[in-house]
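Here is a short note for your first look at this model. Please keep the 3D view open as you read.

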Amino acid sequence: MKRGFLSEYFDGVVAKRLRAVETDPGSSNQHEFNGVRALKQLLGEERLTDCPARFVWLGEENEGLAENSIVTWYDAREGHPTRSAEYRLYFRSNPVMDLSGEGDLLIVAKRPAGDLMIIVVAAGSTVENQMLWLFGVPVQIGTGFEYRQFGKDQDTEVDFAARFILEEIGIEIEDPEAGKLDNLLERFGGEFPTTAVFSAFARQTLQNIEPRNDPDAALLAWIEREEQLFRRLERHVVEDRLQEGFAGPEGADVSGFMNFSLSVQNRRKSRAGHALENHIAEVLTQCDVNYERQAVTENKSKPDFLFPGMAEYHDSAYSSAKLSMLGVKSTCKDRWRQVLSEAARIREKHLFTLEPGISENQTAEMQANSLRLVLPKGLHGTYRDNQQEWLMDLEGFVNLVRSQQGNASLQVLL
């Protein structure tokens, strides 16, 4: 097992498209998958009785469901020593499999501890793209299982995109230096500062980051660093609160525990979006781009970034060809449509995201609405080839607004 690689989290996976006989109760109640060669490569030939398994169903947008259960891997002919083996993977009825449909992507993943994850992903969804990319499964996979092992010469580095996707399926990424808190505690005393202060601190902890040389690499480095530091501080704060306990005058304070848990999740989501905006602003500033954050346009809309600013936007004599806007959403989901109404004078709008592998249906709809997707060039590889031709990276966007403002492009300056 190598640190920072997919083999830390999975020994291997098999994947296939589900057939009607495997999903439709009217067609079959078998609740099992045939133990073809790929499954035997993953699970071996020893019987596994009541093996712990976590079933996960993922659809488009925020749709998701998880259920803990058990499965059994067995030879249906084990009582007949003269007959050849016929393996089956049996599962109990559960809400995840009840939601599955013909053509959905099925992934059976074996964890290092021996338990399984059985993931069902809606066909044609963004998360399907992400799962195919993460596990190296062919886009055109059919109804027969295909096997991929992790480790040795076949492994995948857990980079930003991989971490993003793993957390979507509920796997927390381990930080080998999670206990290093000296600088954080000395600076902030074990409490969360404002996002702007924390973003600046994260940038200060990294040396030799030059946005003018490579805006995309700089942004990803800052984002990853802040996420790492935030999780360390969060772990410290949460541990302290848990040690205090949730006991009230009348017993366990369930409401207090639920509220605390919700506040942790909300803080993560809110901070991620604000941190991304903070680091993009720093890139733009260091690249000598004129911009205004949260400038007011029509109907009190407030684009995240307006170029060059609000005064120019509201000056009817200022050419609309020299105006740009950039919405920022760490994950798009269905919220990208919010950007479309934020600046009527700007025909082609731009949206920055960190979400890997958005579905072709979604990006085609964006194109039809004159919305251009911008994301770090390191994430472009998670998209299909035909999508990549249309994507813009941060350096390309910086050069666009610099040219609109009469500045030379970064390539010329370097």
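This is a predicted model: local features need pLDDT of at least 70, side-chain atom pairs count only at pLDDT 80 or more; totals for chains, interfaces and linings use all residues.

1. Start with strand β7, residues 116-121. Six of its six residues are buried.

2. Look at where the β7 side chains go. Leu116, Ile118 and Val120 point one way. Met117, Ile119 and Val121 point the other way. In a regular strand, side chains alternate between the two faces of the sheet.

3. Which strands pair with β7? Strand β3 (residues 48-58) runs parallel to β7, joined by six bridges. Strand β6 (residues 105-110) pairs with β7 in the antiparallel sense, also over six bridges.

4. β6 and β7 form a hairpin, with five residues between them. Glycine 114 in the turn has a positive phi of about 100 degrees.

5. Now the rings. The whole structure holds 13 aromatic pairs. One of them joins phenylalanine 10 and phenylalanine 135, edge-to-face, at 5.4 Å centre to centre and 80 degrees between the planes. Phenylalanine 10 lies in the segment before β1 and phenylalanine 135 in helix α4, so the pair ties together parts 125 residues apart in sequence. Both residues are buried.

6. Phenylalanine 135 also pairs with phenylalanine 150. This pair is tilted, with 6.2 Å centre to centre and 40 degrees between the planes. Phenylalanine 150 is buried too.

7. Check two charges over rings. The charged end of arginine 271 sits over phenylalanine 230, 4.1 Å from the ring centre. The charged end of arginine 345 sits over tyrosine 313, 5.8 Å from the ring centre.

Terms used:
Residues are numbered from 1 along each chain as its sequence is written. Side-chain values use heavy atoms; hydrogens and water are left out. Buried means under 20% relative accessible area, exposed over 50%, partly exposed in between (1.4 Å probe, protein chains only). Helices (H or I, at least four residues) and strands (E, at least two) are DSSP runs, numbered from the N terminus. Two strands pair if DSSP finds at least two bridges between them. Rings of Phe, Tyr and Trp (its six-membered ring) pair if their centres lie within 6.5 Å; planes under 30 degrees apart count as stacked, over 60 as edge-to-face and the rest as tilted. A charge sits over a ring if NZ of Lys or CZ of Arg is within 6 Å of the ring centre and within 35 degrees of the ring normal.
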